[in-house]
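Please keep the sequence and the model in view while reading.

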Amino acid sequence: MATLLLRIAAPLQSWGSSSKFEVRKTENVPTKSGIIGMLAAALGRRRDESLEDLNGLRFGVRVDQEGRLLRDFHMVHGEKDSYLTTRYYMADAVFVAALESDDIEFLEKLEQALKTPAFPLFLGRRSCPPTQPLVLGIKKEGLISALREEPWQTAEWRRKKTDSSLRILADCSPDEEGATAQQDVPLSFHPERREYGYRMMKEYGYVNKGEAGTITEHDPMKEL
């Protein structure tokens, strides 16, 4: 078992899972489809190629810096008319994304591809290139342990102003307590037939960096 860790950070990023027509929304954490799309681009895969091996990776995210929601208005000009679209972004957010596999050679291939990508990489939209470093390396441990132990990825000055409790969300089995369905598994990126399947995910609690990386159970009443 091994886990590839990525630092997902940029001035703007956008992770749409239900965007349609003139309103382009974003989730508040990276989607599996967005990260798989980035991996496919790094590997040089075309939009009609299979994603089965990439979808088989267990996926998780740690929220290192929540960021803030930004709304942008964009005018689209067509041949006969123009119309206004509303696009949402996450500004100044930082995440650690994790991809777990039993095949360490496959993870090494992905790591190398991300360092020398075949196509440009972006965080959800082409206007959102990632900042460096993107690749944090491969850890020879499971996804939750790797996310628990990875150093906090925010700037030192921000840590003094930010709650040190970092959320972890990850793929899980359907029978796990707290599991919810998320429709962000890319079955096809083909422009004429984009398809997305479901995965089960859950929140695995918090990593408290003030206590040497120990994890505590999530208490939703703390948010009130």
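## Basis and overall make-up

Two residues are in contact when they have heavy atoms within 4.5 Å of each other. Among contacts in the protein between residues at least 6 apart in sequence, 71% join residues at least 24 apart. The model is predicted: local features need pLDDT of at least 70, side-chain atom pairs count only at pLDDT 80 or more, and totals for chains, interfaces and linings use all residues. Residues are numbered from 1 along each chain as its sequence is written, and side-chain values use heavy atoms, with hydrogens and water left out.

The protein has five helices and 12 strands; helices (H or I, at least four residues) and strands (E, at least two) are DSSP runs, numbered from the N terminus. Of its 224 residues, 45% count as buried. Buried means under 20% relative accessible area, exposed over 50%, and partly exposed in between, with a 1.4 Å probe and protein chains only.

## The nonpolar cores

A nonpolar core is a set of buried Ala, Val, Leu, Ile, Met, Phe, Trp, Tyr and Cys residues joined through side-chain atoms within 4.5 Å. The largest one has 39 residues, and those with the most contacts inside it are Leu6, Ile8, Ile35, Met38, Leu39, Leu54 and Leu114. Two or more residues each are given to this core by β1 (2–9), α1 (32–43), β4 (58–65), β6 (82–91), β7 (94–101) and α3 (104–115). Its largest share, seven residues, comes from α1.

Beyond four places in sequence, leucine 114 touches Leu4, Leu6, Met38, Leu39, Ala42, Leu121, Leu134 and Val135.

## Packing of α1 and α3

Two packed helices are described by the angle between their axes and the distance between the axes. For α1 and α3, the angle is about 75° and the axes are 8 Å apart; axes are lines fitted to C-alpha atoms, for helices over the stretch in contact, and angles run from 0 to 180 degrees between N-to-C directions. The two helices are therefore roughly perpendicular, a term for angles of 65 to 115 degrees.

From α1, Met38, Leu39, Ala42 and Leu43 meet Lys109, Leu110, Ala113 and Leu114 of α3.

## Serine 101

Serine 101 lies in strand β7 and counts as buried, at 12% relative accessibility. Its side chain reaches the backbone nitrogen of aspartate 103 at 2.9 Å. Leaving aside neighbours within four places in sequence, serine 101 is in contact with Met1, Ala2, Leu57 and Leu107.

## Loop residues

Alanine 10, in the loop between β1 and β2 (12–13), is buried, with a relative accessible area of 8%. Although alanine 10 and proline 129 are 119 residues apart in sequence, they are 6.8 Å apart in space, C-alpha to C-alpha. Beyond four places in sequence, alanine 10 touches Asp92, Ala93, Leu123, Pro129, Pro130 and Thr131.

Most residues other than glycine have a negative phi, and most peptide bonds are trans. Aspartate 92, in the loop between β6 and β7, has a positive phi, near 60°, and is partly exposed, with a relative accessible area of 34%. The peptide bond from glutamine 132 to proline 133 is cis, with omega near 0°; proline 133 lies in the loop between α3 and β8 (135–139).

Terms used:
A polar contact is a pair of N or O atoms within 3.5 Å; within protein, one must be able to donate a hydrogen and the other to accept it, and residues adjacent in sequence count only if both atoms are side-chain atoms. Angles under 35 degrees count as roughly parallel, over 145 as roughly antiparallel, 65 to 115 as roughly perpendicular and the rest as oblique.
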